[in-house]
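Please read them with the structure open.

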Amino acid sequence: MEISELNRILRNKAVKTGLCEEWQQTVWNRELSYGELLDIFIRGFDFSVKYDWLDYDFCKEVFPQEELHGHHIYVDEDVDIEGESGYYVFLGDCRGRLVLDGLKATTVYIRHTSHVDIVATGGARVSVRYYDGSTGNVHSDEFSRVKQINH
């Protein structure tokens with residue numbers, strides 16, 4: 001699918017589900033690249049979850065895997081990741097673990113039926129948000145903090 005067609009489909013779907021006028025005028029006011037589309041998916045993650053405007057089957061079908069991984073987004077994959085600061089998103093049926101070691105600050109979004117274990121050591125600060133039927137185990141040392149939120 002051409003990027004212009006992808007923009008048209010996703011923008012129309014987002015607008016129909018309530019994308020605010022401000023974002024239409026200032027954020028999505030031109031054709032966006034794959035990376036920019038994924039950036040707005042993360043920036044508006046609560047909107048993305050509420051309206052599912054970028055459903056994971058479509059995401060998996062139209063976005064190149066290297067773009068998804070470059071934005072720390074994984075769909076229906078087995079994972080074993082040594083993570084960094086920022087965010088990680090696990091959609092569909094991901095299985096595995098994410099290890100955060102050292103002075104890192106990371107937000108983790110886990111959706112659908114994914115099961116991802118989080119290991120935080122060496123002072124890592126992690127916020128884990130579970131949606132739908134997702135699960136995971138959390139392990140941290142005495143120097144690290146993990147906050148778990150179920151939506």
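1. Basis. This is a predicted model, in which local features need pLDDT of at least 70, side-chain atom pairs count only at pLDDT 80 or more, and totals for chains, interfaces and linings use all residues. Residues are numbered from 1 along each chain as its sequence is written, and side-chain values use heavy atoms, with hydrogens and water left out. Helices (H or I, at least four residues) and strands (E, at least two) are DSSP runs, numbered from the N terminus.

2. Sheet. Four strands make up an open sheet with parallel pairing, in the order β2-β4-β6-β8. Its edge strands, β2 and β8, each pair on one side only. On average, and with direction ignored, neighbouring strands are turned by 10° against each other. Two strands count as paired if DSSP finds at least two bridges between them; the angle is taken between axes, which are lines fitted to C-alpha atoms (for helices over the stretch in contact), and angles run from 0 to 180 degrees between N-to-C directions.

3. Strand pairs. The parallel pairing of β2 with β4 runs over five bridges, and D80 has R97 as its bridge partner in β4. Between β4 and β6 there are seven bridges, again in the parallel sense. There, the bridge partner of D101 in β6 is T121.

4. Faces of β2. Which side chains of β2 are buried? V79 and I81 are, and they point to one face. Buried here means under 20% relative accessible area, exposed over 50%, and partly exposed in between (1.4 Å probe, protein chains only).

5. Salt bridges. How many salt bridges does the structure hold? There are eight, a salt bridge being a side-chain nitrogen of Lys or Arg within 4 Å of a carboxyl oxygen of Asp or Glu. Side chains of opposite charge can pair when their charged atoms come close. D52, R111 and D132 are linked in a network of such bridges.

6. R97 and D80. These two residues also form a salt bridge, with the closest N and O atoms 2.8 Å apart. The pair links distant parts of the chain, since R97 is in strand β4 (residues 95–101) and D80 in strand β2, 17 residues apart. R97 is partly exposed at 35% relative accessibility, while D80 is exposed at 56%.

7. R8 and E5. In this salt bridge the closest N and O atoms are 2.6 Å apart. R8 and E5 are three residues apart in helix α1 (residues 3–16), so about one helical turn separates them. R8 is partly exposed at 44% relative accessibility, and E5 is partly exposed at 31%.

8. K60 and D76. The closest N and O atoms of this salt bridge are 2.9 Å apart. K60 lies in helix α5 (residues 56–62) and D76 in the loop between β1 (73–75) and β2 (78–82), so the pair ties together parts that are 16 residues apart in sequence. Both residues are partly exposed, K60 at 45% relative accessibility and D76 at 29%.

9. S114. Beyond four places in sequence, S114 is in contact (heavy atoms within 4.5 Å) with residues including F90, L91, S134 and T135.

10. D141. This residue sits in the loop between β8 (138–140) and β9 (145–150). The D141 side chain reaches the backbone nitrogen of G122 at 2.8 Å and makes a polar contact with the side chain of S144, also given as 2.8 Å. Not counting residues up to four places away in sequence, D141 touches A120, T121, G122 and G123.

11. H72. The loop between α6 (65–70) and β1 holds H72, which is buried with a relative accessible area of 13%. H72 touches E84, Y87, Y88 and V89, leaving out residues up to four places away in sequence.

Conventions. Polar contact = N/O pair within 3.5 Å; in protein donor to acceptor, adjacent residues only side chain to side chain.
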